[in-house]
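Visitor: Could you walk me through the site around the ligand, and then through one of the sheets?

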Amino acid sequence: MTRDALILVAAGKGMRAGGDIPKQYRRIGSQPLLVRTLQNALKAHNFGTIIVVISADDDFAEGCLAPFGDEVRTTIGGATRTDSVRAGLNVLQGERIDHVYIHDAARPFLTQTLLQDLSNALETHQATAPALPIADALKTLEGDSVDRDALRRVQTPQAFRYADILSAFDAAKPGESHADDIAVARAAGLSLSFTSGDPDNFKVTYPEDFAKAERMVDQTYTATGSGFDVHQFDFESNDPLWLCGVPINCGYTLKGHSDADAGLHALTDAILGALCFGDIGDHFPPSDPQWKGASSDKFLLFAMDKVKERKGLLQHVDVTLICEQPKIKPHREAMREKIAELCGLPLSRVSVKATTTEKLGFTGRGEGLAAQAVATVRLGS
Ligand code: CTP
Ligand code: MG
């Protein structure tokens with residue numbers, strides 16, 4: 001157990017943020033803001049003690065904090081942030097603590113780097129906080145310039161040697177409100193050093209900050225997969241030739257272990273490729289007799305199930321068939337419709353194209369056909 005304590009102040013009303021409930025309980029993506037902050041704090045540093053300071057008339061904290069169990073204790077804050085911090089420090093009285101980190105619940109994006117820098121700074125100083133330089137020109141309301149090089153924007157967590165911040169708060173006048181905890185430390189003469197701030201570690205303060213935070217937790221990305229397949233013609237058989245799930249009665253067919261639908265095979269591999277989930281041969285080995293003569297719908301539906309398991313969303317597919325014969329154009333719309341049905345996509349997101357190879361190569365000589373496909377899938381992290 002480390003002797004580092006975290007005080008997370010979450011007793012404010014969030015007036016500037018608006019909304020029906022205090023900002024720390026509003027959701028960012030799937031999680032309340034406070035839960036995100038706490039989860040990121042736990043990931044960022046090994047705290048032996050965690051105190052969340054909540055408001056007396058708070059109906060939300062219990063539900064939010066229940067999943068954290070005994071690891072997190074709560075106490076009731078006060079009318080100002082300074083009072084809330086004081087309440088948190090009071091809970092720690094008498095405990096064996098070396099360093100205390102005081103953090104706004106309203107800053108969900110704290111990182112391990114921020115915490116590590118603060119921890120390092122406490123080896124040489126009594127108080128520390130992340131600070132950022134100011135990029136914009138600074139003016140008074142009268143329009144006079146202020147030297148921005150001498151100023152910093154200061155964030156939380158702010159970290160202190162425990163005994164020192166305790167006596168700094170004891171020395172401060174009860175009821176007096178301070179801009180932050182560094183202000184209390186400074187008034188008591190503690191030695192101070194700033195670490196590098198992080199622009200992403202911003203405080204959710206105004207209504208528009210929720211949209212910014214939502215964008216930052218949106219970890220989705222678009223994955224692209226490609227697939228390729230070749231099958232040889234079988235002129236001995238006049239079974240239908242299956243292509244993109246559509247039977248073509250052209251007097252010959254394709255050789256293969258399954259129904260040899262090169263279009264659906266290429267498409268299945270494209271989707272598996274987007275998922276980084278191997279290829280069709282891994283999941284349906286040609287050596288396995290159960291896939292003999294199998295309809296290739298099965299392979300595609302399998303890939304679609306895998307998309308669902310990953311909570312993904314197939315967005316678009318594009319299949320290119322490469323052959324001299326049979327002519328694809330008369331079957332193209334039926335192919336698009338079949339693929340759209342199997343993939344649960346609107347027709348406008350399914351493309352089937354065809355080309356020849358100008359009589360060159362095995363497709364040009366009419367020995368077989370090739371298919372290639374590209375699939376785009378929207379995925380979480
Ligand atoms: N805070 C607190 N107790 C207070 C006031 C603020 O614990 N009496 C906490 C807030 O919950 C927040 C952090 O201090 O996590 C930073 O304060 P701020 O962003 O000002 O939050 P609010 O005071 O809730 O918002 P507002 O000032 O817009 O009402
Ligand atoms: Mg406030």
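Visitor: Which pocket does ligand 1 take up?

Guide: This is a predicted model, in which local features need pLDDT of at least 70, side-chain atom pairs count only at pLDDT 80 or more, and totals for chains, interfaces and linings use all residues. Residues are numbered from 1 along each chain as written, chains are lettered from A and ligands numbered from 1 in the order written, and side-chain values use heavy atoms, without hydrogens and water. A pocket is, on a 1 Å grid over the protein atoms alone, an open set of points where a 1.4 Å probe fits, with protein on both sides within 12 Å along at least five of seven lines, and a molecule sits in it if more than half of its atoms lie within 2 Å of its grid points. The space taken by ligand 1 is the largest pocket.

Visitor: Which side chain has an N or O atom 2.7 Å from a nitrogen atom of ligand 1?

Guide: A polar contact here is a pair of N or O atoms within 3.5 Å. For Met 15, a backbone N or O atom lies 2.7 Å from an oxygen atom of ligand 1, whereas the side chain that reaches a ligand nitrogen at 2.7 Å belongs to Ser 84.

Visitor: In E18, what is the bridge partner of Ile 322?

Guide: Strand E17 (residues 313-322) runs parallel to E18 and is joined to it by six bridges, where pairing requires at least two bridges found by DSSP. The partner of Ile 322 in E18 is Thr 355.

Methods:
A polar contact is a pair of N or O atoms within 3.5 Å; within protein, one must be able to donate a hydrogen and the other to accept it, and residues adjacent in sequence count only if both atoms are side-chain atoms. On a 1 Å grid over the protein atoms alone, a cavity is a set of points where a 1.4 Å probe fits but cannot get out, and a pocket is an open set with protein on both sides within 12 Å along at least five of seven lines; lining residues have an atom within 4 Å of a point. Helices (H or I, at least four residues) and strands (E, at least two) are DSSP runs, numbered from the N terminus.
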